[in-house]
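Student: I'd like to go through this model with you, charges to begin with and then the fold. Can we start once it is on screen?

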Amino acid sequence: MSDRIINEMKLTILSRSANESFARVAVAAFAAQMDPTIDELNDIKTAVSEAVTNCIVHGYREQIGRIYIDAQLYGDGRICVRIRDKGCGIADLKQAMEPLFTTGGEERGGLGFTVMESFMDKVKVRSKPGSGTTVVMEKRIIRRGADNA
């Protein structure tokens, strides 16, 4: 097995709520070539959905901006997904990562980062106020046979 990139995709979407489901399905279709289980695929879709929703609701708030999605598949069975916005950024990242904390009002649950962390193997978040936020998520796909690559 190798940790080299075997495939890569880049996608740029506008921060419209209609694009959240498109981003989720696009990344899932890309990940499908690794032959994940339905549960693994659902985990990836859920995490991508949460990250993109954060960009729409919190990053750009009442304006439309661009969301950048990069995904790489590695020879050792990992998928790495990076979702980035150039929105308002997060002033207190530690606080934002706490379960139930939200800046999105009463209708938001404040569980986005918690959900991402529970469905992916690794989650890293970088943010700078006024410059945007980047979420990098990684998941290892369990290989079920020598044919998968």
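Student: How many salt bridges does a search of the whole structure find?

Tutor: The search finds 9 salt bridges, where a salt bridge is a side-chain nitrogen of Lys or Arg within 4 Å of a carboxyl oxygen of Asp or Glu. This is a predicted model, so local features need pLDDT of at least 70 and side-chain atom pairs count only at pLDDT 80 or more, while totals for chains, interfaces and linings use all residues. Residues are numbered from 1 along each chain as its sequence is written, and side-chain values use heavy atoms, with hydrogens and water left out.

Student: Which residue forms a salt bridge with D43?

Tutor: That is K139, and the closest N and O atoms of the two are 3.3 Å apart. The pair links distant parts of the chain, since D43 is in helix α2 (residues 38–59) and K139 in strand β5 (residues 132–140), 96 residues apart. Helices (H or I, at least four residues) and strands (E, at least two) are DSSP runs, numbered from the N terminus.

Student: Is D43 buried or exposed?

Tutor: D43 counts as buried at 18% relative accessibility, and K139 is buried with a relative accessible area of 8%. Buried means under 20% relative accessible area, exposed over 50%, and partly exposed in between, with a 1.4 Å probe and protein chains only.

Student: What about R78, which residues does it form salt bridges with?

Tutor: R78 forms one with D76, the closest N and O atoms being 3.0 Å apart, and another with E138, where the closest N and O atoms are 3.3 Å apart. E138 lies in strand β5 and R78 in strand β3 (residues 78–85), so this pair ties together parts that are 60 residues apart in sequence. R78 counts as buried at 13% relative accessibility, and E138 is buried as well, with a relative accessible area of 16%. These contacts belong to a network of salt bridges that links D76, R78, K122, E138 and R140.

Student: Where does R78 lie relative to Y74?

Tutor: R78 lies over the face of Y74, at 4.2 Å from the ring centre. A charge sits over a ring if NZ of Lys or CZ of Arg is within 6 Å of the ring centre and within 35 degrees of the ring normal. The charged end of R84 likewise sits over the ring of Y68, 4.4 Å from its centre.

Student: Switching to the fold: in what order do the strands form the sheet?

Tutor: The 5 strands form an open sheet in the order β1-β2-β3-β5-β4, with antiparallel pairing; two strands pair if DSSP finds at least two bridges between them. β1 (5–14) and β4 (122–128) stand at the edges, each with a single partner strand, so one side of each is left without a neighbour in the sheet. Neighbouring strands are turned by 10 degrees against each other on average, direction ignored. Axes here are lines fitted to C-alpha atoms, for helices over the stretch in contact, and angles run from 0 to 180 degrees between N-to-C directions.

Student: Over how many bridges do β3 and β5 pair?

Tutor: They pair in the antiparallel sense over 8 bridges, including C80 with E138 and D85 with T133. On the other pairing, β2 and β3 are antiparallel over 7 bridges, and L73 has I79 as its bridge partner in β3. The hairpin of β2 and β3 has 3 residues between the strands, and G77 takes a positive phi near 95 degrees there.

Student: And what does α2 lie across?

Tutor: α2 lies across β1, β2, β3 and β5, running at about 10 degrees to β3. As for β3, that strand is mostly covered, with 6 of its 8 residues buried.

Student: Which residues is S49 in contact with, leaving aside its neighbours within four places in sequence?

Tutor: S49 is in contact with E20 and R24, contact meaning heavy atoms within 4.5 Å. S49 is found in helix α2 and is buried, with a relative accessible area of 13%. E20 is one of the buried residues in α1, among them also V27 and F30, and the buried residues of α1 pack against β1, α2, β2 and β3.
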